[in-house]
Amino acid sequence: MCGIVGYVGTEQAGPILLDGLERLEYRGYDSAGIAVLSNEKGLQVKKAKGRLKVLSALVDGGKAVEGSIGIGHTRWATHGQPNDVNSHPHLSEDSRIAVVHNGIIENYVEIKEYLMGKGISFRSETDTEVVAQLLAYHYRQTGDIMQAVYRMLHRIEGAYALGILCADMPDAFIAVRKDAPLLLGYGQGCSFIASDVTAIIKHTREVSYMEDGEVAVVRADSIRVYNALGRPVEKEHSFIDWDVSAAEKGGYAHFMFKEIMEQPEAVRKTIHPRLKDRRVVFEELKMSPEEIRALQRIVIVACGSSYHVGMVGKYNLERLLRRPVETMLASEFRYCDPLVDEHTLVIVISQSGETLDTMAALRQAKSLGAHILSIVNVVGSSIARESDEVLYTWAGPEIAVATTKAYSTQLVLLNMLGLYFGDILGSIPAEEYASIVEELQALPAKMEEVLENTDRIKYLASVCFNHSSIFFIGRNLDYALGLEGSLKLKEISYIHCEAYAAGELKHGTISLIEDGTLVVALCTYAPLFDKSLSNIVEVKARGADVLALTDDSHAEELRKTVPNVLTIPDTHTVFKPSLGVIPLQIFAYYMALQRGCDIDKPRNLAKSVTVE
Ligand code: G6P
């Protein structure tokens, strides 16, 4: 949450910072601000509540601010309302130090009280301001900004990526990281920091990832990095292999729609390198067949849609491996004294690789001796780096807050992992293995087929968008699919909706069904088709309007009961959610569009959730 960018070079910093912030806006969009330093004008801070465009208008796209060194921030409010004063950058009392921050300073109250006791007054309600004030306090004491930074770091607790600009240091800014993402960018005669590479990809593809506790001094011609003890660190440089067009809308009205349409290709890229001679291979996995055979249990931990991938994984992996698989919300896992040990494989799923709860769950599982395998999209992210094994989804940058292509690539990768382990464990009959692989190869083309139904889904959304309460029902894999369908819809359209295991309806939820309630009935899981049909009949009898989803083989039968049926091509059971999720994403998209919602940046949300 919150995005940080910093630039130092020979060009005007303002427009570069604003452009970077635009690409980071998905991380938070309550307010935005920049601090730029110039010889003539000194340290200038401009900030504004609201979307980045408000700030942009204030500073003429950055052109109104003089100077070629600066830091910027886009905020997802935690401490204090989203208003101008609470926006970043925050200044020290003497306005000589400006700070941008992503994360939370947990002991800020205690530090604030201490500094107030020293006569320092505060302007904002934020935790971040204590960093600026504490830093200035130590700077006054030591006269050395680096010493002051280390003293400040010694004192603060919590998670932080920080960009620090000091009026007395006109050629450099300082970057610090602990438990929040921050990378360094090496340009031609210029240098950058950013929360995410999308902010700087236009200028450079050469980056390095900061580690916890590191401090970087960023100059136009050099970036020096020091560890927590102040000793120099040699950073390994990485090269980003996608270009700026991947992070742009490319003619689509919204990133979400672009990303929905990119799914077949993204899934193709995820599958392709891992399929050889009709067998799934994971050359990147270090686990030996013996280690895989020795596994007694698999626990999947994740948040949000990644958790929903894990829910599908529970059904599919248990079926394919005949081993117990449990899927847990990372935020629950970390506080439940989990029963994992060295015989447990913990699969961590995360698009961003930075979700704080997921990261904390990973560390806890690791400390208990579990082997950690992560499925991650963002290369070099914290979760990827701290895992024993990492499988990248290769979905490319995902910008819309509501995930689509990351979900799909995570799901296919998890299924492939099931195939790979099943092959080693001998738990999948040869004939079935061959038929799943065949369907795996056909999956991207079948996803393309589903995308061809977009107009029909758009029409259905145009007649459904006025509903104020919607229920998704399904059994087994359809239940897991319903969780994602309902999340997608509520997060971008703000319609209240819930997903229920259809068999649970009669234990309470059915009392909410009345004339005209919309029920989205998912019937793609063939073994329980008849049972799902009974549930549809039950809700219809209580007045529900039903929209149903099934596969081609069951469409005719379903149409006898439900007029509005969406279909997906027939496929192997394990891939039903991969196809089924697409109509639900498109439905959510058009429902939100009809309601005039801000699809790519839904209210109160952010894409990378680096707070608890
Ligand atoms: C946020 C995003 C979701 C995402 C979840 C977990 O809530 O809006 O789309 O599923 O975080 O994020 P991760 O990056 O760990 O997959």
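**Exercise 1.** Work out which way the crossing of α7 and α13 is handed, how the two helices are oriented, and which residues make the contact.

*Solution.* Step 1: the crossing of α7 and α13 is right-handed, meaning that the near helix is turned clockwise from the far one by less than a right angle. Helices (H or I, at least four residues) and strands (E, at least two) are DSSP runs, numbered from the N terminus.

The model is predicted: local features need pLDDT of at least 70, side-chain atom pairs count only at pLDDT 80 or more, and totals for chains, interfaces and linings use all residues. Residues are numbered from 1 along each chain as its sequence is written, and side-chain values use heavy atoms, without hydrogens and water.

Step 2: the axes (lines fitted to C-alpha atoms, for helices over the stretch in contact, with angles from 0 to 180 degrees between N-to-C directions) of α7 (residues 263-271) and α13 (residues 405-425) come within 9 Å and cross at roughly 30 degrees. Therefore α7 and α13 are roughly parallel to each other, the term for angles under 35 degrees.

Step 3: the contact (heavy atoms within 4.5 Å) involves Gln-263, Ala-266, Val-267, Thr-270 and Ile-271 of α7, and Lys-405, Ser-408, Thr-409, Val-412, Leu-413 and Met-416 of α13.

**Exercise 2.** Find the strand order of the open sheet and its edge strands.

*Solution.* Step 1: the eight strands have the order β3-β2-β4-β1-β10-β9-β11-β15, with antiparallel pairing; two strands pair if DSSP finds at least two bridges between them.

Step 2: β3 (42-49) and β15 (238-239) each pair on one side only, as edge strands.

Step 3: β1 (residues 3-8) and β4 (residues 69-75) are joined by six bridges, and Val-5 has Gly-72 in β4 as its bridge partner.

Note on methods. Parallel < 35°, antiparallel > 145°, perpendicular 65-115°, else oblique.
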